[in-house]
Structure formats: structure tokens, C-alpha cells
Amino acid sequence: MKLSLQAGVGAAIRNHGVEAYPDECCGAMIGRDGIVTRTYALPNATEEGPRRRFRIRPQDYREAERQATESGADLVGFYHSHPDHPARPSQYDLDHAWPVFSYVIVSVREGVAEDMTSWRLREDRSVFDEENLEEHVN
Amino acid sequence: MANTIHIPTPLRPFTDKQESVEVSGNTVGELLADLTKRHEGLKRHLYAEDGRLRNFVNVYLNDEDIRYLQREQTPVKAGDSLSIVPSVAGGLR
């Protein structure tokens, strides 16, 4: 499994994570066949404290899916940040994950973006498998 | 009675890539049961182990959240459509 980020996509995710720090940011990734061509920043609608949680409202999900479809692409997955924590999925991430989607996590430490990883839910929902994340520079 | 259920992107691999599925039943619960009967792989992603809809699965009847109607007991008419919309959530712990 591999996820490729076209030029500018990785930077957009990192910048969003830095802007939102110390809160978590979130957004949709649009593309096709494991290649993300653009991101779509979404508001973090969590009511459980944005420093440790994110939630995307159903209407925002629908809008992201509509945007993807209208541009002839697919919704590839979602990204979010882990402020001052490693770029590894939590049990909470696992419990709320959907199949097929790629979940990109960027770690932001003291306002600086560090590691970025990508994960996919295993078919039986037991665990996330890390996928190879490839960033294109140009 | 035929009704349509709109399937979100992450569940389409379980419906042979169909974006919508024709189902029949008299309530929202019956439509969902018909859907999972036709496409068994959907079950574990829609329902928790106790048989209840997962709380991050949103179901809309003609754009109204069934939580504000009669949930799975909500009656449906011919031509009504259902949409399954994921709540995407996560976080540190």
C-alpha cells in the first residue's frame, strides 16, 4: 500500500497543522488511485476539546465528497494533526476509522511540523496498517 | 416498495462499487437490514458488536437525520431515499 502526495499537498497539510496548533486540524484529501492531488481544509467541529480530538461534521463530509466527485476524482481519505504527540494513530482513531480511506497524521511539536505518516484500517477493523507515504517535491 | 440508499465512498467496495443500492422495506431499519443482507461486508462497518448502529454512522432520510425522527423505526414511503454519511473523527487518545 502506498499513498502519493503531489507537489504542494504535504506542505498544505503541514501548514494547516501549524496554523491550528495547539489544536488539531483536519481536512479531506482528494485524488485518485492512491494519489492525492489536493486537500480541502475542514473545520474541527469536536465538542470534546480540539487539543486532543477532531470531528468532521456530516455536512462537511458530504461537501468534500461532492467536490471530489464534481472534479472527476475520489475522496481518498482525511488528514489530521497530533499536537505534541507522535504521528501514530490512537485507539480513538482506530475506533472511528472507515475502511478504504487513507488517514494521514502529521505530528506538530511546539508549533513545528515533524513526522507525517499514512494509515489504513485493516478489513477486520482490528488495526491500522501503515502505508508507504511518498511526497513529490515538484 | 423500492427505495434508494446512497453509499459513501469508503463503503462502496462492499457494494460492488455502486454509489446507490435499491432496497425495500417499511422502515429505515428494514431498509438497512435489506442492504446488509444484499451486501454482508457492510455489516461490521455499520453496526457495533451489540447490533446497534455505530454512533459515527449517520443515516439521513431525505436529508433529515434519523436521530431526530424515530431512528430505525422511522416509517418510509415509496420513493424516499436514505443516505449513509460518515462522521470522521479521531484524536490523540
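**Entry 1: a bridge between the chains**

I looked up R53(A) to begin with, and I found that its bridge partner in β6(B) is G91(B). I then followed the strands themselves: β4 of chain A (residues 53–56) and β6(B) run antiparallel and are joined by four bridges. My note on the terms is that strands (E, at least two residues) and helices (H or I, at least four) are DSSP runs numbered from the N terminus, and that two strands pair if DSSP finds at least two bridges between them.

I must keep in mind that this is a predicted model, in which local features need pLDDT of at least 70 and side-chain atom pairs count only at pLDDT 80 or more, while totals for chains, interfaces and linings use all residues. Residues are numbered from 1 along each chain as its sequence is written, and chains are lettered from A and ligands numbered from 1 in the order in which they are written.

**Entry 2: the side of chain B that touches chain A**

I next looked up the contact as a whole, where two residues are in contact if their C-beta atoms, placed from the backbone, lie within 7 Å; it takes 25 residues from chain A and 17 residues from chain B. On the chain B side, at least two residues each come from α2 (43–46), β5 (81–86) and β6 (88–91), and β6(B) gives the most, with four residues.

**Entry 3: chain B as a whole**

I read chain B from the N terminus and noted the order β-β-α-α-β-β-β-β, that is, two helices and six strands. Its C-alpha atoms fill a box of roughly 45 × 30 × 25 Å along the principal axes. I also noted that, among contacts in chain B with a separation of 6 or more, 50% are between residues 24 or more positions apart.

**Entry 4: Y60(B)**

Where does Y60(B) lie in chain B? I found Y60(B) in strand β3, which covers residues 57–61. Is Y60(B) buried or exposed? I recorded Y60(B) as buried, because 20 other C-beta atoms lie within 10 Å; the cut-offs are 20 or more for buried, 12 or fewer for exposed, and partly exposed in between, with C-beta atoms placed from the backbone. For chain B, 33% of the 93 residues count as buried.

Setting aside neighbours within four places in sequence, I found Y60(B) in contact with D65(B), I66(B), L82(B), S83(B) and V85(B). Finally, I looked up T36(B), which is 24 residues from Y60(B) in sequence and 17 Å away in space, C-alpha to C-alpha.
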